[in-house]
Amino acid sequence: MKKILVVNGPNLNLLGTREKDIYGRETLNDIAVRVNEEAEKLSMFVDFVQSNHEGEIIDKIHDARGKYDVLIMNPGAYTHYSIAIRDAVKAAEIPTIEVHLSNIHSREEFRSKSVIAPVCVGQISGFGGNSYIIALHAASAL
Ligand code: DQA
């Protein structure tokens with residue numbers, strides 16, 4: 001059974017109340033439930049975590065080494081500038097899929113740059129909570 005770790009970065013705990021016009025009405029917990037249901041159908045095991053702290057995210061990535069087959073990650077705003085998270089992803093040697101609820105390429109210019117994407121297998125951006133479901137299918141096909 002493939003083991004997947006889904007890591008969510010800062011402010012994603014506020015989904016459902018935060019900028020609903022951009023991120024939708026689904027809470028992070030709603031997404032976690034859907035991801036778990038889909039994972040069961042795909043015979044995959046999923047752990048789903050969130051942190052507002054860069055170092056904690058890095059620790060989770062380090063701990064994932066050797067324990068998970070694929071990492072699905074929404075680094076939130078860290079996407080755009082955290083070289084430390086990028087280096088952790090690279091060091092972990094786990095195939096990683098970057099996800100975003102919004103289409104980061106159609107928003108402010110600073111969001112279109114991801115420093116994490118170059119060390120990922122690929123990026124899924126712009127499908128709301130379904131970005132995670134699509135990523136799960138991509139992980140299953142890896
Ligand atoms: C986000 C996009 C980021 O630019 C933003 O900082 C977020 C959420 C997304 O899922 O669309 O926190 O990662």
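Reader: Which residues does Ile 4 touch, not counting residues up to four places away in sequence?

Author: This is a predicted model. Contact here means heavy atoms within 4.5 Å. By that rule, and leaving out residues up to four places away in sequence, Ile 4 touches Met 44, Phe 45, Val 46, Asp 47, Tyr 68, Val 70, Ile 72, Leu 136 and Ala 139.

Reader: How many residues does the largest nonpolar core have?

Author: Ile 4 is among the residues with the most contacts inside this core. Val 35, Ile 72, Ile 97, Tyr 132 and Leu 136 are the others named for that. The core's total is 22 residues.

Reader: Which element gives the largest share of this core?

Author: Several elements each supply at least two residues: β1 (2-8), α2 (28-41), β2 (44-50), β3, β4 and α5 (130-141). The largest share is five residues. That share comes from α5.

Reader: How many residues are in the second, separate core?

Author: This core includes Ile 61, Tyr 68, Val 89 and Val 119. Ile 61 is one of the buried residues of α3. Val 89 is one of the buried residues of α4. The second core has 19 residues.

Reader: Which residues of α3 are buried, and what arc do they fall within?

Author: Buried means under 20% relative accessible area. In α3, that holds for Ile 57, Ile 58, Ile 61 and Ala 64. They line one face of the helix, because seen down its axis they fall within an arc of 120 degrees.

Reader: What do the buried residues of α3 pack against?

Author: Helix α3 spans residues 54-64. Its buried residues include Ile 57 and Ala 64. They pack against β1, β3 and α4.

Reader: Why are the buried residues of α4 on the same side of the helix?

Author: Helix α4 covers residues 83-92, and its buried residues are Ile 85, Ala 88, Val 89 and Ala 92. They are on the same side of α4 because they cover an arc around the axis of only 100 degrees.

Reader: What do the buried residues of α4 pack against?

Author: Ile 85 and Val 89 are among these buried residues. One partner is a helix, α3 (54-64).

Reader: What is the phi of Glu 93?

Author: Most residues other than glycine have a negative phi. Glu 93 is not a glycine, yet its phi is positive. The value is about 55 degrees.

Reader: What is the phi of Glu 19?

Author: Glu 19 lies in the loop between β1 and α1 (20-23). It is partly exposed, with a relative accessible area of 40%. It is not a glycine, although its phi is positive. The value is about 35 degrees.

Reader: Which residue follows α3, and what is its phi?

Author: The residue after α3 is Gly 66. Its phi is positive, near 80 degrees.

Reader: How far apart in space are Val 49 and Val 7, C-alpha to C-alpha?

Author: Val 49 lies in strand β2. It touches Val 7, along with Leu 5, Val 6, Asn 8 and Lys 60, not counting residues up to four places away in sequence. Val 49 and Val 7 are 42 residues apart in sequence. In space, C-alpha to C-alpha, they are 5.1 Å apart.

Reader: Is Ser 102 buried or exposed?

Author: Ser 102 lies in the loop between β4 and β5 (122-125). It touches Ile 22, Tyr 23, Arg 107, Ser 125 and Gly 126, not counting residues up to four places away in sequence. At 7% relative accessibility, Ser 102 counts as buried.

Reader: How much space lies in the largest pocket?

Author: The pocket is lined by 16 residues. Nearest its centre are Arg 18, Tyr 23, Gly 76, Ala 77 and Arg 111. By class, the lining has six nonpolar, six polar and four charged residues. The space in the pocket is about 170 Å³.

Terms used: Residues are numbered from 1 along each chain as its sequence is written. This is a predicted model: local features need pLDDT of at least 70, side-chain atom pairs count only at pLDDT 80 or more; totals for chains, interfaces and linings use all residues. Side-chain values use heavy atoms; hydrogens and water are left out. Buried means under 20% relative accessible area, exposed over 50%, partly exposed in between (1.4 Å probe, protein chains only). Helices (H or I, at least four residues) and strands (E, at least two) are DSSP runs, numbered from the N terminus. The arc is that of the directions from the helix axis to the C-beta atoms. On a 1 Å grid over the protein atoms alone, a cavity is a set of points where a 1.4 Å probe fits but cannot get out, and a pocket is an open set with protein on both sides within 12 Å along at least five of seven lines; lining residues have an atom within 4 Å of a point. Grid points are joined across faces, edges and corners, and a volume is the space filled by probe spheres set on the points. Ala, Val, Leu, Ile, Met, Phe, Trp, Tyr, Cys and Pro count as nonpolar, Asp, Glu, Lys and Arg as charged, and the others, Gly among them, as polar. A nonpolar core is a set of buried Ala, Val, Leu, Ile, Met, Phe, Trp, Tyr and Cys residues joined through side-chain atoms within 4.5 Å.
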